[in-house]
Amino acid sequence: MQSFYVLEQYIVTRNKKQETRNKYYKVYLKEDELWFGKMGGQLYGMKQLHTKSLIIEMMFTLVKFIWITPRGRKKELKFDEITEREQFLAERGSYIVALEQLPEVGKAI
């Protein structure tokens, strides 16, 4: 099964500062559908985090190395093994788009 990665980027205005909130998906091409499996999300502004303190940046790097990266790998392997539509949709943040719906999605944007 073919797959690729997608970054969905949001810009949210909060306290007159702009923060980006990203969602990372692994997209699978199955027959006439695109299966989007949410791999993770970014719940903070990276620029704001790194300008705060070197200590905070080092702690975040350590947490990312120990906890976030292995968790993402496990989730990706889990998505790779799923073959049933209902099982895929049961995963949080996952959805399926039929290829014939794509022109309609483009018009809505």
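**Note on a predicted single-chain model**

1. Helix 2 bends by about 45 degrees at Lys64, where the bend at a residue is the angle between axes fitted to the seven residues ending there and the seven starting there. This helix covers residues 54-81, 28 residues in total, and its first and last C-alpha atoms lie 39 Å apart, close to the 40 Å expected at 1.5 Å a residue; the expected span is 1.5 Å times one less than the number of residues in the helix. Helices (H or I, at least four residues) and strands (E, at least two) are DSSP runs, numbered from the N terminus.

2. On the basis of the coordinates: this is a predicted model, in which local features need pLDDT of at least 70 and side-chain atom pairs count only at pLDDT 80 or more, whereas totals for chains, interfaces and linings use all residues. Residues are numbered from 1 along each chain as its sequence is written, and side-chain values use heavy atoms, with hydrogens and water left out.

3. On the overall fold, the chain holds four helices and four strands, which follow one another from the N terminus in the order β-β-β-α-α-α-β-α. Of the contacts (heavy atoms within 4.5 Å) between residues at least 6 apart in sequence, 43% join residues at least 24 apart. The accessible surface comes to about 8,700 Å², with 58% of that area belonging to carbon and sulfur atoms; such areas come from the Shrake-Rupley method with a 1.4 Å probe, and for residues only the protein chains shown count as cover.

4. On burial, 24% of the 109 residues in the chain are buried, taking buried as under 20% relative accessible area, exposed as over 50% and partly exposed as in between (1.4 Å probe, protein chains only). The largest nonpolar core is made of seven residues, namely Tyr28, Trp35, Met39, Phe79, Ile82, Phe88 and Ile96; a core of this kind is a set of buried Ala, Val, Leu, Ile, Met, Phe, Trp, Tyr and Cys residues joined through side-chain atoms within 4.5 Å. A second, separate core has five residues, among them Val27, Leu34, Phe36 and Val97.

5. Apart from neighbours within four places in sequence, Phe88 contacts Tyr28, Trp35, Phe36, Gly37, Phe79, Ile82, Ser94, Tyr95 and Ile96. Met39, placed in strand 3, counts as buried because its relative accessibility is 15%. With the same exclusion of neighbours within four places, the contacts of Met39 are Tyr24, Tyr25, Lys26, Gly72, Lys75, Glu76 and Phe79. The C-alpha atoms of Met39 and Phe79 are 9.1 Å apart, although 40 residues separate the two along the chain.

6. Which residues of helix 2 are buried? They are Phe60, Glu76 and Phe79, and Glu76 forms a salt bridge with Lys26, with a distance of 2.9 Å between the closest N and O atoms. Glu76 belongs to helix 2 and Lys26 to strand 2 (residues 17-30), so this pair ties together parts that are 50 residues apart in sequence. A salt bridge here is a side-chain nitrogen of Lys or Arg within 4 Å of a carboxyl oxygen of Asp or Glu, and by this rule there are four.

7. Lys26 itself counts as buried, its relative accessibility being 5%. Asp80 also pairs with Lys26 in a salt bridge, the closest N and O atoms lying 3.0 Å apart, and since Asp80 is in helix 2 and Lys26 in strand 2, the pair ties together parts that are 54 residues apart in sequence. Asp80 is partly exposed, at 34% relative accessible area.

8. Glu91 is placed in the loop between helix 3 (85-90) and strand 4 (95-98), and its relative accessibility of 19% makes it buried. Residues up to four places away aside, Glu91 touches Lys78, Phe79 and Ile82, and with the side chain of Lys78 it makes a salt bridge of 3.2 Å, N to O. Lys78 lies in helix 2 and Glu91 in the loop between helix 3 and strand 4, so the pair ties together parts that are 13 residues apart in sequence. Lys78 is partly exposed, at 43% relative accessibility. Through shared partners, salt bridges join Lys26, Glu76 and Asp80 into one network.

9. A backbone point remains: most residues other than glycine have a negative phi. Glu31, though not a glycine, has a positive phi of about 50 degrees. Glu31 sits in the loop between strand 2 and strand 3 (33-42), and it counts as exposed because its relative accessibility is 77%.
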